[in-house]
Amino acid sequence: MDYVNLRRQAASLRKSLFDQGYLDEQFYQLEDLQDDASPNFVEEVVTLFFRDSARLMANIDQALDKCVKDFNKLDVYMQQLKGSCTSIGASRLKTECTFFRECCRDENIEGCMRSFQKIKREHSVLRQKLESYFQLLRQAGPIECATRPSK
Amino acid sequence: MASYSGGKSNGGEGSSHQELHVLAVDDSLVDRKVITSLLRKSKYRVTAVDSGKRALELLDTEPNVNMIITDYSMPEMTGYELLKKVKESSELCQIPVVIMSSENVPTRINRCLEEGAEDFLLKPVQLSDVSRLCNRVLR
């Protein structure tokens, strides 16, 4: 297996995530926390994020489905989601969460609905990209594998 | 949600920090994991819980907590309310409490500091924030 090429692909995907604004410098902070004691820290945090954010988004979906919209509750859910986005450096998602909260403050339900659809799309795209990234990293293996001479 | 216990201590490095136990309180799974890692990286023993209620339960049974770092916005009991309860307790009032929040609200910050919080950190909390804080608070 061409470990060098896999690493190159992973690096390229990672760079594109930053260049296209999906991730911000907070993601570097997570990478800095990864070490020999926690070799999969970044992937673990990201996995937790997608599990937790899916739960929050299901709550928001339910709240938006109700006839009487509780903007306070919607704002609380979105504050939690935004917080998690901030913690992993999910920049585009964070921006859209901010917009959703502004719509809540304005009690603009159509704005909330449109914004939430965008959040769902961004969430899905980010998840696919990060899953691909971590898959490439797993296939590439530790750095030592990348430098193993070919036979 | 069950408690998430801190890691093992290292062998002789930073031995003074190995004695220091930080209680992290945050209802966010993601943030608990991150703050735990930040504190462990700074060589502290960490216990992370998901609510003010669980924090107080732990403080009742675990006497050796050197600092509490808590999120502000939590359901049922906010970080501010936890801070107040700690400061009102004769057994706990000496424990330094640090508040974290993703929102920069000056009235909130002032209220916490007036109530006795050692510091107020804006999220996302960085390793440099933790190092600076712990050096000052736990010196």
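This is a predicted model: local features need pLDDT of at least 70, side-chain atom pairs count only at pLDDT 80 or more; totals for chains, interfaces and linings use all residues.
**Two helix pairs**

Two packed helices are described by the angle between their axes and the distance between the axes. For helix α4 (residues 71–88) of chain A and α6(A), the angle is about 25° and the axes are 13 Å apart. The crossing of α4(A) past α6(A) is left-handed. On the side of α4(A), the contact is formed by A:Phe71, A:Met78 and A:Leu81, while α6(A) contributes A:Ile109, A:Cys112, A:Phe116 and A:Ile119. The residues of this contact comprise 7 nonpolar, no polar and no charged.

Helix α2 (residues 29–41) of chain B and helix α6 (residues 127–137) of chain B have axes that come within 9 Å and cross at roughly 55°. The helices α2(B) and α6(B) are therefore oblique to each other, and their crossing is right-handed. The residues that make the contact are B:Ile35, B:Leu38, B:Leu39 and B:Lys41 from α2(B), together with B:Leu127, B:Val130 and B:Cys134 from α6(B). Here the division is 6 nonpolar, no polar and 1 charged.

In soluble globular proteins, nonpolar side chains tend to be buried together. The largest nonpolar core of this model holds 65 residues, and A:Phe100, A:Leu130 and B:Ile69 have the most contacts inside it. Helix α3 (residues 41–65) of chain A gives the most to this core, namely 12 residues. What does A:Leu130 touch once its neighbours within four places in sequence are left aside? The residues in contact with A:Leu130 are then A:Leu17, A:Leu23, A:Phe27, A:Val46 and A:Phe50. A second, separate core has 23 residues, including B:Leu23, B:Val25, B:Met77 and B:Phe120.

**The plan of chain B**

Chain B contains 6 helices and 5 strands. Along the sequence, these elements follow the pattern α-β-α-β-α-β-α-β-α-β-α. Of the 139 residues in chain B, 50% are buried. Among contacts in this chain between residues at least 6 apart in sequence, 64% join residues at least 24 apart.

**Backbone features in loops**

Most residues other than glycine have a negative phi, and most peptide bonds are trans.

| Residue | Phi | Relative accessibility |
|---|---|---|
| A:Glu107 | near 55° | 57% |
| B:Glu76 | about 70° | 80% |

A:Glu107 is found in the loop between α5 (91–105) and α6 (109–140) of chain A. B:Glu76 is placed in the loop between β3 (67–71) and α4 (79–88) of chain B. Are these glutamates buried or exposed? Residues over 50% relative accessible area count as exposed, so A:Glu107 is exposed at 57%, and B:Glu76 is exposed at 80%.

Where does chain B have a cis peptide bond? The bond from B:Lys123 to B:Pro124 is cis, with omega near 0°. B:Pro124 belongs to the loop between β5 (119–122) and α6 of chain B.

How values were computed: Residues are numbered from 1 along each chain as its sequence is written. Chains are lettered from A and ligands numbered from 1 in the order in which they are written. Side-chain values use heavy atoms; hydrogens and water are left out. Axes are lines fitted to C-alpha atoms, for helices over the stretch in contact, and angles run from 0 to 180 degrees between N-to-C directions. Helices (H or I, at least four residues) and strands (E, at least two) are DSSP runs, numbered from the N terminus. Angles under 35 degrees count as roughly parallel, over 145 as roughly antiparallel, 65 to 115 as roughly perpendicular and the rest as oblique. A crossing is left-handed if the near helix is turned anticlockwise from the far one by less than a right angle, and right-handed if clockwise. Contact means heavy atoms within 4.5 Å. Ala, Val, Leu, Ile, Met, Phe, Trp, Tyr, Cys and Pro count as nonpolar, Asp, Glu, Lys and Arg as charged, and the others, Gly among them, as polar. A nonpolar core is a set of buried Ala, Val, Leu, Ile, Met, Phe, Trp, Tyr and Cys residues joined through side-chain atoms within 4.5 Å. Buried means under 20% relative accessible area, exposed over 50%, partly exposed in between (1.4 Å probe, protein chains only).
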